[in-house]
Amino acid sequence: MYYYIKGKLVLRQESFVVLDCGGVGYKLYTSETTKNALKEGADATLYTYLHVREDVFDLYGFFSHDELNMFLQLLSVSGVGPKAALAILSVMTPNAVALAVITNDAKALTKAAGVGAKMAQRIILELKDKLKKAEILPENIAEEVSINDTQSEAVSALMVLGYSQSDAKSAVAKTDASLPTEEIVKLALKKLMR
């Protein structure tokens, strides 16, 4: 319904902000990340999502498309509602969430308030393939290089962090293929930072 709302930030509360747009105050629930990016009294543009339930119309706003897109991905997981999705995005960037999903790092997801081990595992299980299909994580990495699945996930993780496919492949190829994905990513990052 609403793609974005642009206006002056007039109020910042614990779980929401209010943007004044032409004399109308829009209450937008948002993450800590977005809230911290906004300055009171300054103009802001928030990309929105309207969550409709039986008797509730809640508007959610995000500073970036990436954050909105990850919020929508999280909502697609069964049992994950807007509050849990906001909690995750309040403690992790969209790239960090994607990295946690592809490296099976449930512990990182449980740092968010209200997200337990079972929910974190469900997020990983349901989002891994969706993120690949959304081209956040290219599916054809393993086909192009003779690397195993663990290394392929590590390459994908590095690409989510902003490294080019060729740099990521090169760094991962210099690691021990028998290590877990998290270890391969850590070692490859050390090589890339030199």
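Biologist: Which residue just after α8 takes a positive phi?

Modeller: This is a predicted model, and the angle in question comes directly after helix α8. The phi there is about 105 degrees, and the residue that takes it is Gly-162.

Biologist: What distance separates the end C-alpha atoms of helix α8?

Modeller: Helix α8 covers residues 149–160, which is twelve residues. The expected span is 1.5 Å times one less than the number of residues, so α8 should span 16 Å. The model agrees with this expectation, as the end C-alpha atoms of α8 are separated by 16 Å.

Biologist: Is Leu-59 buried or exposed?

Modeller: Leu-59 has its place in strand β5, which runs over residues 57–62. Its relative accessible area is 8%, and the cut-off for burial is under 20%. Leu-59 is therefore buried.

Biologist: What separation do the C-alpha atoms of Leu-59 and Lys-27 have?

Modeller: Leaving aside neighbours within four places in sequence, Leu-59 is in contact with several residues, among them Tyr-26, Lys-27 and Leu-28. Leu-59 and Lys-27 are 32 residues apart along the chain. The separation of their C-alpha atoms is 6.9 Å.

Biologist: Which element has the lowest mean pLDDT?

Modeller: The protein chain averages a pLDDT of 85, and 91% of the residues score at least 70. Over residues 135–146, however, pLDDT stays under 50, and the model has 23 contacts beyond four places in sequence for them. Strand β3 (residues 24–29) has the highest mean among the elements, at 96. The lowest, with a mean of 36, belongs to helix α7.

Biologist: What percentage of the residues of the protein chain count as buried?

Modeller: The secondary structure comes to ten helices and five strands, and the C-alpha trace spans about 60 × 35 × 25 Å along its principal axes. The accessible surface of the chain comes to about 10,400 Å². Of the 194 residues, the share that count as buried is 44%.

Biologist: How far apart do the centres of the positive and negative side chains lie?

Modeller: The protein chain has 22 positive and 23 negative side chains. The distance between the centres of these two sets is 5 Å.

Conventions. Residues numbered from 1 in each chain as written. Predicted model: local features only at pLDDT ≥ 70, side-chain atom pairs only at ≥ 80, totals over all residues. Heavy atoms only, no water. Helix = DSSP H or I, 4+ residues; strand = E, 2+ residues; numbered from the N terminus. Buried < 20%, exposed > 50% of the residue type's maximum accessible area, 1.4 Å probe, protein only. Areas by Shrake-Rupley, 256 points an atom, 1.4 Å probe, with all protein chains shown as cover. Lys, Arg positive; Asp, Glu negative; His and termini not counted. Charge placed at Lys NZ, Arg CZ, Asp CG, Glu CD. pLDDT = per-residue confidence, 0-100. Contact = heavy atoms within 4.5 Å.
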